[in-house]
Amino acid sequence: MYAYVVFVTLSGQTELGSALSVITPDTNNNFLWPETMESTLDESTSWLQWLHRLGLHFDPFDTLNAADDPHLGEYLIEHEIFARLWGNDWAWVFAPPGGGKTALRCRISQTCWIGQETNRPFPIPYLPPFLSWSNVAPSLEDHFGALAQAAAKVLLLTLAYRPHWTFRLPQSALPEIHKALAWSLPGPLQNYLDLCQQTRDLEQLRRALDLDHAFALPNPPEVDVLLEWCTIWTALPSPTTRPQAQERWEALLRVLLEVLDFDGGVYLLVDGLDAAPETVTLPEAVAEVLAPILAAVAPWAQQHIYVKGFLPAESQPLLTTRYPELFSTPHTNTIQWTVPLLAQVVRRRIFVATQGDFDSLDAIASPALRGLEAWLAAAALPLPREMLVLTRRVLQEHFKRKDYNSPLQETDVQNALRWYRAARPNIIQVDNQL
């Protein structure tokens, strides 16, 4: 008997219709397997070759951690929870592992980058760096240091993607920004500038800063503009001293809120607490880690710094009891993943992976399996990650049979369901009304 949590998070884009060009309908409007596959697949066929022949240009179910998926921004689906997290206040989302918290956090970051101006919030992803702390009860100073580094990394990458912000600043503002960056980046600022000049590629800078795919911003500048931007910052002298963590954090906030004047304030996006062994199943440890930040949440909001937390489901009862005002109903968000939403998660990924050729497993399945996404959604635990795991297993079961030239069959689904029933995690159910 398996229990589950009924929390969900965001997904992202509006639903798009089908464009079934890889398959053709018969007179009964059932989908026909592509005849061209008959002569191209044999015993030596690899998994990716097989997916490609199905019409999938990559495996859309392979990457389970949203932050690691380079295609995430293309197949997020819209959900009402996004509107409840967006805005000038603190907010919390609780969900179990695989419930979509990181996808929601990435979606918020991406929405902050719409347009080319500073009229939106500035997002700072904050995943507590447990490896650099000696214990799971960090002090406020520990948090300040980690926050300053997180903010400096995003600020540098953002300035590189938006060089016109630098070009229009008064000359007097540049040393303050340069100093704030140099104080808090994980490596020397000049090293990152050299990387930009040598590679002329902001994707390389993103990787060097260890920022996830949510920060692969659209519309990078032309090479000559990027090089001009690098020249401006390279010409400034580096600071000779480094202050304490709180001063470094406050220097970055001044740059964001006063010098660059982000109208929407700063979004501090706290995530990753159920990805760390220190806190994954320990609500008390989560509370200990967050305690210094929670004490600052309300004062920060008055300064236009809005904490948005993406927290483990197991920690909700303890945090609600211990901090009733911070975690009151207006600030706390949970949402159930329904069968239609989970089916849409799969359909959207298929649409993206096939470059719009089709958007349903129906295109590659026997007519007897019409509506397969809904079948699978009803069988999986109501979490996006579980839906992706089960869907991929159906494809794997068919591939294992080496019956490459036929559509998905009911035996593939039944074999996948037997595997999933034995392998699925035991996730504790939490009352939605907490």
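Of the 434 residues in the chain, 55% count as buried, where buried means under 20% relative accessible area, exposed over 50%, and partly exposed in between, as computed with a 1.4 Å probe on protein chains only. The structure is a predicted model, in which local features need pLDDT of at least 70 and side-chain atom pairs count only at pLDDT 80 or more, while totals for chains, interfaces and linings use all residues. Residues are numbered from 1 along each chain as its sequence is written, and side-chain values use heavy atoms, with hydrogens and water left out.

Contact is taken to mean heavy atoms within 4.5 Å, and among contacts in the chain between residues at least 6 apart in sequence, 79% join residues at least 24 apart.

The axes of helix 8 (residues 189-199) and helix 10 (residues 223-234) come within 10 Å and cross at roughly 155 degrees, the axes being lines fitted to C-alpha atoms, for helices over the stretch in contact, and the angles running from 0 to 180 degrees between N-to-C directions. Helix 8 and helix 10 are therefore roughly antiparallel to each other, given that angles under 35 degrees count as roughly parallel, over 145 as roughly antiparallel, 65 to 115 as roughly perpendicular and the rest as oblique. The crossing of helix 8 and helix 10 is left-handed; a crossing has this hand if the near helix is turned anticlockwise from the far one by less than a right angle, and is right-handed if clockwise. On the side of helix 8, the residues that meet helix 10 are Q190, L193, C196 and Q197, and their partners in helix 10 are L226, L227, W229, C230, T231, W233 and T234. By class, this contact of helix 8 with helix 10 has 7 nonpolar, 4 polar and no charged residues, with Ala, Val, Leu, Ile, Met, Phe, Trp, Tyr, Cys and Pro counted as nonpolar, Asp, Glu, Lys and Arg as charged, and the others, Gly among them, as polar.

Helix 15 (residues 372-379) and helix 16 (residues 384-400) pack at an angle of about 125 degrees, with their axes 9 Å apart, and that angle makes helix 15 oblique to helix 16. The crossing of helix 15 and helix 16 is right-handed. Helix 15 contributes E373, L376, A377 and A379 to the contact, and helix 16 contributes M387, L390, T391 and V394; these residues divide into 6 nonpolar, 1 polar and 1 charged. In the loop between helix 15 and helix 16 is L381, which is buried, with a relative accessible area of 3%. L381 and N426, which are 45 residues apart in sequence, are 9.4 Å apart in space, C-alpha to C-alpha.

Individual positions elsewhere in the chain were also considered. S184 is found in helix 7 (residues 174-184) and, at 2% relative accessibility, counts as buried. Not counting residues up to four places away in sequence, S184 touches A148, Q149, A152, R248 and L252. Q116, by contrast, has its place in the loop between helix 4 (101-112) and strand 4 (122-126), and at 28% relative accessibility Q116 counts as partly exposed. Leaving aside neighbours within four places in sequence, Q116 is in contact with R162, H164, W165 and N219; the C-alpha atoms of Q116 and R162, 46 residues apart along the chain, are separated by 6.9 Å.

Positive phi values in residues other than glycine were found at two loop positions, discussed in turn. R200, with phi near 55 degrees, lies in the loop between helix 8 and helix 9 (202-208), and at 48% relative accessibility counts as partly exposed. Q355, with phi likewise near 55 degrees, has its place in the loop between helix 14 (339-353) and helix 15, and at 60% relative accessibility counts as exposed.

With regard to cysteines, the structure holds 0 disulfides, a disulfide being a pair of cysteine sulfur atoms within 2.5 Å. C106, at 0% relative accessibility, counts as buried, and C112 is buried as well, with a relative accessible area of 3%.

Terms used. Helices (H or I, at least four residues) and strands (E, at least two) are DSSP runs, numbered from the N terminus.
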